[in-house]
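Hi there,

Here is the structure I promised to pass on, with some notes on what turned up in it. Have a look, and then read on below.

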Amino acid sequence: MRTLYIFMGYFDYSIKRLLMYRIYLIGELLSSLIVPILINFFLWRSLIEGNPLNYTLKEMMIYIVISNVILLFTEIHAEHDIEKDIKTYRFGQKLLLPVDYLTSISYSHISSSLARFAILYMPIIIVLSIWAKIEIPANRLLYLPLALILGFLLNALFSFIIGLLSFWLTEIWGIAAIRNLLTGLLSGAIFPLDLLPSKIESIMLMTPFPYITYIPSKLICDANFDIEIVNKGLLISLVWVLILGFIVFLLMKNGLKKYTSHGA
C-alpha cells in the first residue's frame with residue numbers, strides 16, 4: 001500500500017508537469033511521432049510499389065505507427081539522470097532517502113511514461129484502431145500487458161546498465177547513442193522483423209530487442225501472428241530480464257564500493 005502511495009505521488013507530479021508545459025506535448029508529437037511517420041510513409045510507399053512484400057502500404061503504416069508509439073512508451077533514458085547523480089554529490093544524498101535509489105529512478109520514469117502514454121499516445125492508438133478496424137482477439141489482450149511490461153523492463157535495465165557504467169567511465173553518451181541505434185533497428189520499430197529471412201528472424205528472436213517493440217506491435221495489428229512465437233518470446237524476454245537485472249545488481253554493488261562524494 002505504501003509503495004502504491006509513493007508511486008501515485010510520482011504519477012501525479014508527472015501529469016502536472018506534462019500539462020504545465022503544453023508546448024512540450026506538441027513538440028514531442030511532431031518530433032517523435034508525426035515527422036518520423038511521414039518519412040516512413042514516403043519511404044515505404046516507394047519500396048512497396050517497386051517490390052513485392054507481405055504488407056500493403058496500409059498494413060505497413062499501421063504497424064509503423066503502433067511500433068513507434070510502443071517504443072516511445074517503453075523507451076526511457078534514465079542513464080543521463082544516473083550519470084549526473086554519480087558525477088556529483090547528489091548520488092550520495094539520494095542514497096540517504098527512504099526510497100531505494102534505483103526504485104526512485106524507476107518510479108520517476110515509469111510515471112512519466114504512463115502519463116505521456118495516457119495523454120498523448122493512447123488516443124492515437126484508439127483512433128487508429130477504430131479507423132483501421134483492428135480487432136484484437138480476447139486471448140491476445142491477455143498477452144499484451146505482460147508483453148508491454150517486459151518490454152519496458154528490458155529498456156529500463158539497458159538504461160540502468162549504461163548509467164551505472166558512469167562509476168568507471170568519464171562519458172557514456174557514445175554508449176547511449178549506440179544503444180538507441182540498436183534499439184530502433186533491432187526492436188522492429190523501423191521495419192517489421194518478419195521481412196527478414198526466417199533464419200535471421202529466428203536468431204533475432206533470441207535477443208532481447210524484439211520484445212521491446214516488435215512482439216507487442218504484432219499482437220495489436222496482426223491477427224494471424226503465431227501465438228507460439230509470443231509464448232516462447234515471453235519466456236525468452238523474462239530470461240533476459242533476469243540476466244540484465246543481475247548485471248544491474250553487480251554494477252550497483254561494485255560501483256558503490258568505489259564511489260566517493262564531495263560537496264554539499
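A quick definition to begin: contact means heavy atoms within 4.5 Å. Please keep in mind that this is a predicted model, where local features need pLDDT of at least 70, side-chain atom pairs count only at pLDDT 80 or more, and totals for chains, interfaces and linings use all residues. Residues are numbered from 1 along each chain as its sequence is written, and side-chain values use heavy atoms, leaving out hydrogens and water.

Let's start inside. Setting aside neighbours within four places in sequence, Phe 160 touches Ala 78, Ile 82, Leu 102, Ile 105, Ser 106 and Val 248.

Trp 44 is in α2 and counts as buried because its relative accessibility is 8%; the cut-offs are under 20% for buried, over 50% for exposed and partly exposed in between, with a 1.4 Å probe and protein chains only. Phe 191 is 147 residues from Trp 44 along the chain, yet their C-alpha atoms are separated by 9.5 Å. Beyond neighbours within four places in sequence, the contacts of Trp 44 include Leu 57, Ile 64 and Phe 191.

Leu 30 also lies in α2, but at 42% relative accessibility Leu 30 counts as partly exposed.

Best wishes

Definitions and conventions
Helices (H or I, at least four residues) and strands (E, at least two) are DSSP runs, numbered from the N terminus.
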